[in-house]
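Have the viewer open as you read.

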Amino acid sequence: MKEQGSILKICEFCGITFNAYKTTTRYCSHTCNSRAYKDNKRQMRLTAINYRTMQEMEVISDQYEKIKDKEFLSVSETAFLLSVGRMTVYRYLHSGSLPAVQIGGKTFIRRKDIDTMFDAREEYKAKPSIDRKPISELCTVAEIKEKYKVNESWIFKVAKENNFPRTLNKGKTYFSRKHVDAYFSKKNQHTGIAEWYSVDDIKEKFNMTINSVYSFVSENSIPKKKEGKYVFYSKYHVDKLKEEVESERLEYYTVPEAMKKYNMSRDQIYHYVKYHKIPKVKIGKSIKIAKQELDRVLNPIII
């Protein structure tokens, strides 16, 4: 039995002599083994890329050999010769830059006309660069935090998402005041509203659950504003809508209330409302039916 490490071999990757445990060992360490594996994979990829490139060059060469002596070319052949797309060739044809002949639904372009297209042309002129207007007014991150009650990380997130112009001066970031104010004014469109409810205020005053609060403000599109992570809703709109709902509660049925009272399906209720032209109103997503009119129509048929 051979003693371990008694076989001297040369690492196939780094070239260092080392003591091997087996005659089949090729590398001096796991690191060299891993690097050799990655290098082999890299070479295989490069070989595959080179092979594909050679194939593509052969295809291009074959295509060029087919058309190099042709006097009349198709649109596809012209596009290949000019290294552009077929639609670009059609734009040349429609603009009159390149003449063509149509015979039997096929378009033919003379090779001579392609060469002529490049003769007597105006010298290429690069488009003038657009000078960006300098940012006239700047605001610091601290000013934005103070004015709009938001977190610093949130400011940078919004600035990146909305591409706010910015500049860096002495380690401080400054944003375009115009863009910042425009973003927040869009978020808080109801600037004329003076009083606001928080979600907790609405819960406590109207004895509502948090889910019912969110459903109520969403269904009725209550104006809102956001300060940091907190959302506030217009006190005036909430109070007014609650008063309307309360007054209408005594004068209107909801559809489920009418179904329950008269033991009818939803379709039956809607049939009577439509047939007898009973007044109805829509509040948020709810339909309210005039109580007095519905009672007048349905009370006589109750058994």
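Contact here means heavy atoms within 4.5 Å. This is a predicted model, where local features need pLDDT of at least 70, side-chain atom pairs count only at pLDDT 80 or more, and totals for chains, interfaces and linings use all residues. Residues are numbered from 1 along each chain as its sequence is written, and side-chain values use heavy atoms, with hydrogens and water left out.

Let's start at cysteine 139, in strand E6 (residues 138-140); strands are DSSP runs of at least two E residues and helices runs of at least four H or I, numbered from the N terminus. Cysteine 139 counts as buried because its relative accessibility is 3% (the cut-offs: buried under 20% relative accessible area, exposed over 50%, partly exposed in between, with a 1.4 Å probe and protein chains only). Beyond neighbours within four places in sequence, cysteine 139 is in contact with residues including Ile144, Tyr174, Phe175 and Val180. Its C-alpha sits 5.5 Å from that of phenylalanine 175, 36 residues away in sequence.

E6 belongs to an open, antiparallel sheet of 3 strands, ordered E6-E8-E7 (strands pair if DSSP finds at least two bridges between them). E6 and strand E7 (166-169) each have a single partner strand, so one side of each lacks a neighbour in the sheet.

| Helix | Touches | Angle |
|---|---|---|
| H5 (residues 141-148) | E6 and E8 | about 80° with E6 |
| H6 (residues 152-161) | E7 and E8 | about 50° with E8 |

Conventions. Axes are lines fitted to C-alpha atoms, for helices over the stretch in contact, and angles run from 0 to 180 degrees between N-to-C directions.
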